[in-house]
Amino acid sequence: MRIENWLSSFAVSAKDRICAFRGIRLPPVVQSILVLAAISAFLLPVRSTSQNFVDLKPSPQQVEWQDLEFGVIVHFGLNTYTNKEWGSGKVSPSVFNPTKFNPDQWVEAAKAAGAKYLVFVAKHHDGFCLFPTPLTKYSVASSLWENGHGDVVKAVEEACRRHGLKFGIYLSPWDRHEPSYSDNKAYDKFYEGLMQELLTRYGPIEEFWLDGAGSAGHVYDFKDYLHQLRIYQPNALVFADVGFMKWGDIRWVGNEDGYAPEENWDVIDRAGYLRWRPAECDTPLHKLHWFWHPNDAQTLKTVPELLKIYDNSVGHGCQLMLGIAPDEQGLLPALDAARLREFGQALQRIYSHNLALEGVPSSSAGGDARAALDNNPDTFWMAPPHTYQASLEVKFSKPVTFDCTVTMEWLNRGQNIEAYEVQAWVRNKWQTLHRGTSIGHKVIDIFPSVTSARVRLKIVAAPHTPAVREFQIYNGHGAP
Ligand code: FUL
C-alpha cells in the first residue's frame with residue numbers, strides 16, 4: 001500500500017472511531033482537527049525524556065572521589081635519566097637504576113601537602129613499563145635495578161596503602177616504542193593486556209588516567225578497554241582529556257596551569273547528553289616539568305603560587321592533581337619535599353580555625369542551619385521543599401575579622417545553586433563581599449579583610465532545592 005493511501009484509510013477509520021465515541025456528533029472542522037492530532041501523535045517519534053542539568057546526579061564513586069579534593073601524579077622512568085619530558089622510546093632500559101629508591105618518602109611528602117590520592121605513571125609515552133610484564137621487554141625487568149626483579153608499581157602501591165593514600169594508575173595510550181603501535185588491532189591487544197595486569201595485580205584503583213597526548217590520528221578500541229576496566233575495577237573512575245572525553249568519568253579542565261574557571265559546573269553536555277563529569281586540574285610542582293631534571297630548582301613553584309593554584313582548582317569546585325617527580329636516585333628532591341610540606345602547613349594555617357563555630361547559626365528559610373555551620377561536611381542543611389532562595393547566617397557575640405569563606409554544596413542530589421552572595425552586616429546594612437554563580441563541591445571566596453558580628457551566605461537562585469554541607473569563615477588568607 002502506498003503511504004498516502006494507507007494514511008487516508010487510517011484517517012477515515014480514526015475519524016469514524018472518534019465520531020462514534022459515545023455517540024457524540026462533532027462539527028466537521030473539529031472532527032478534522034481531532035483526526036490530524038491523532039495522526040500526528042501516531043507518527044511523531046517517541047521523544048526521550050528531556051534532560052535538565054539539575055536532574056543529573058553524581059555516582060557514589062564520583063561523590064567519594066570529589067571529596068578527596070587533592071591528589072598527586074608521579075612521573076618516574078627513563079626520562080628521569082635522560083633530561084627529557086617526552087622520551088623517544090629508543091633509550092635502553094639499562095639506564096634505569098635508582099640507587100636510593102624510596103616511594104615511602106614520596107608518599108610522605110605528598111601526604112604532608114595534604115594529598116589524599118596518588119596516580120602513578122606506569123607507562124609514559126616512551127613505552128617503558130615500570131612493572132614487569134611478559135608482553136614487552138621494554139620494562140623494569142630489563143633494567144639493572146634489583147637485577148631486573150623489581151616492580152615499581154607494586155612498591156608505590158604498597159607505600160600508598162601503608163600511608164592511607166588511594167592509588168591510581170596512568171597508562172599512556174600513545175606508545176613510541178611498542179612495534180605494534182602502527183597496527184591498531186594488534187596494539188589494542190597489547191594495551192588491553194597491560195591494562196589487565198595493572199587492574200588485577202595492584203588492588204583497588206581509584207582513578208585510571210587516559211592521557212590523549214600524542215594520540216592524534218590513532219584509533220583505539222576504547223569501548224573494549226573500558227569494558228575490561230569496568231569488569232576488573234568497577235569502582236575506578238576514568239580520567240580522560242579532550243580527545244578521549246567520551247570515555248571518561250572525570251574530565252580534564254583544559255590546561256596544565258591548575259586553574260579552573262570560577263563558574264564551574266559538574267554537569268556538561270556530551271554530544272547532546274548531559275553527564276556528571278567533575279574536572280581535575282593537573283599541574284606540575286615544577287613549572288612545565290612533569291619529570292625530574294638536573295639543576296631545576298628555579299622552576300619549583302613557590303608557596304604563594306601553590307596557594308593560588310589551590311584556590312583556583314579546589315576553590316573552584318575541582319580536583320587538584322599536582323605533579324611530583326623523583327630524581328635519578330629514586331628520591332623526591334629535598335627541596336621539593338620541603339616545598340610540599342610548607343604548602344601543607346600554609347593550608348593548615350589558613351583553614352584550621354573556622355570562625356563560624358564561634359557564632360550562633362540560623363536560616364531564613366527553616367531547616368537545621370547548624371548542620372551547615374558545624375565544620376562537619378558529613379552533615380548538611382537543606383532548604384524546605386520549593387524554597388529556592390534562603391540565607392544561612394552566623395551571629396557572633398562580638399565582631400570577628402575574616403577574609404575568606406568556604407562553601408560546599410551537598411552534591412548527592414545534584415549541583416543546584418546558580419547564584420549566591422557572601423555578605424557581612426557593616427554600618428547597619430548588608431554589604432556584599434563576594435558575588436558568585438556556581439558552588440558545587442567547594443568554593444573558596446577571598447576578599448579584603450572585614451570585621452563584623454553578622455555574616456551570611458545568601459542563596460540568590462537555585463533551580464532545585466538547595467542543600468549546603470558547609471559554610472565556613474576564615475581569617476589569614478591575606479597574611480604572609
Ligand atoms: C600530558 C603528558 O604529555 C605529559 O607528559 C604529562 O604526562 C601530563 C600529565 O599529561 O598530556
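Mentor: Angles under 35 degrees count as roughly parallel, those over 145 as roughly antiparallel, those from 65 to 115 as roughly perpendicular, and the rest as oblique. The model before us is predicted. In it, helix H5, which spans residues 103-113, and helix H6, which spans residues 152-163, cross at roughly 45°, and their axes come within 9 Å. H5 and H6 are therefore oblique to each other. As for its handedness, the crossing of these two helices is right-handed. On the side of H5, the residues that make the contact are Pro 103, Asp 104, Val 107, Glu 108 and Lys 111. H6 contributes Ala 155, Val 156, Ala 159, Cys 160, Arg 162 and His 163. Sorted by class, the residues of this contact between H5 and H6 comprise six nonpolar, one polar and four charged.

Helix H9 (residues 303-313) packs against helix H10 (residues 334-351) at an angle of about 60°, and their axes are 10 Å apart. That angle makes H9 oblique to H10. H9 passes H10 in a right-handed crossing. Here the contact is formed by Val 303, Leu 306, Leu 307 and Tyr 310 from H9, together with Glu 342, Phe 343, Ala 346 and Leu 347 from H10. By class, the contact of H9 with H10 has seven nonpolar residues, no polar residues and one charged residue.

Conventions:
Residues numbered from 1 in each chain as written. Predicted model: local features only at pLDDT ≥ 70, side-chain atom pairs only at ≥ 80, totals over all residues. Axes fitted to C-alpha atoms, helices over the stretch in contact; angles between N-to-C directions. Helix = DSSP H or I, 4+ residues; strand = E, 2+ residues; numbered from the N terminus. Left-handed = near helix turned anticlockwise from the far one by under 90°. Contact = placed C-beta atoms within 7 Å. Nonpolar A, V, L, I, M, F, W, Y, C, P; charged D, E, K, R; others polar.
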